[in-house]
Amino acid sequence: MSSNTSIPSRMIRIFADVSAGLAAMGIFLVVLLQVGSRLANIPVSWTEEATRFLFVWMVFLGVAAGFRTVEAARVVVFIASLRSVFKYLAVPIYVGFSVLFFGLMFWTGASLVRQQFMMNETAATLAVPMWAIGIIMPLSALLAILGIVDSLRNRRNQIALPEIGIAQTETDISASNTEKAL
């Protein structure tokens, strides 16, 4: 961790990355318990449901962590093939559509959590309120939006064109050779 890392950046990293890691460790421990209890011929009924819920949390937190570190999937070949004037649009398009997506995800997740809370829905074997599981959807959407803002401040060059080492195409090489000859 660098000394110039902001407090919001550290908070996002701690919550998204550390929580996803804890969920992954929880999955490992629960599956280990499940296998051990089945080998001992004393199956534990709640382990499958706990694994599924921890996996959902891990995936949603992983998405938020990925956007914080600019590791989201995008089409960089298309960006690399654009003229330099249009490459400036890569960042606003990336940020705009990502924030729009996560805004919709937040709204949908909050609606789902509200419905689960109002219906007093609980998990079948764990007897955990379902809203406690579903809250990760709007929470991770909020973390992803904050992560996008943080990456915009700290990693803007990676958003614009993360693959610095993209090989030049034949047309790029011939165009640069023509320019040198002139």
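1. Ser-98 is in helix 5 (residues 90-118); helices are DSSP runs of H or I, at least four residues, numbered from the N terminus. This is a predicted model, in which local features need pLDDT of at least 70, side-chain atom pairs count only at pLDDT 80 or more, and totals for chains, interfaces and linings use all residues. Residues are numbered from 1 along each chain as its sequence is written, and side-chain values use heavy atoms, with hydrogens and water left out.

2. Ser-98 counts as buried because its relative accessibility is 9% (buried means under 20% relative accessible area, with a 1.4 Å probe and protein chains only). A polar atom of the Ser-98 side chain lies 2.7 Å from the backbone oxygen of Tyr-94. Leaving out residues up to four places away in sequence, Ser-98 touches Phe-67 and Ile-148 (contact means heavy atoms within 4.5 Å).

3. Phe-67 in helix 2 and Ile-148 in helix 7 are also among the residues where those two helices meet. The residues of this contact divide into eleven nonpolar, three polar and two charged (Ala, Val, Leu, Ile, Met, Phe, Trp, Tyr, Cys and Pro count as nonpolar, Asp, Glu, Lys and Arg as charged, and the others, Gly among them, as polar).

4. The axes of helix 2 (residues 47-68) and helix 7 (residues 136-154) come within 7 Å and cross at roughly 15°; axes are lines fitted to C-alpha atoms over the stretch in contact, and angles run from 0 to 180 degrees between N-to-C directions. Helix 2 and helix 7 are therefore roughly parallel (angles under 35 degrees).

5. Helix 1 (residues 7-39) packs on helix 2 at about 155°, with the axes 8 Å apart. Helix 1 and helix 2 are therefore roughly antiparallel (angles over 145 degrees). The residues of their contact divide into 17 nonpolar, seven polar and five charged.

Note on methods
Parallel < 35°, antiparallel > 145°, perpendicular 65-115°, else oblique. Buried < 20%, exposed > 50% of the residue type's maximum accessible area, 1.4 Å probe, protein only. Polar contact = N/O pair within 3.5 Å; in protein donor to acceptor, adjacent residues only side chain to side chain.
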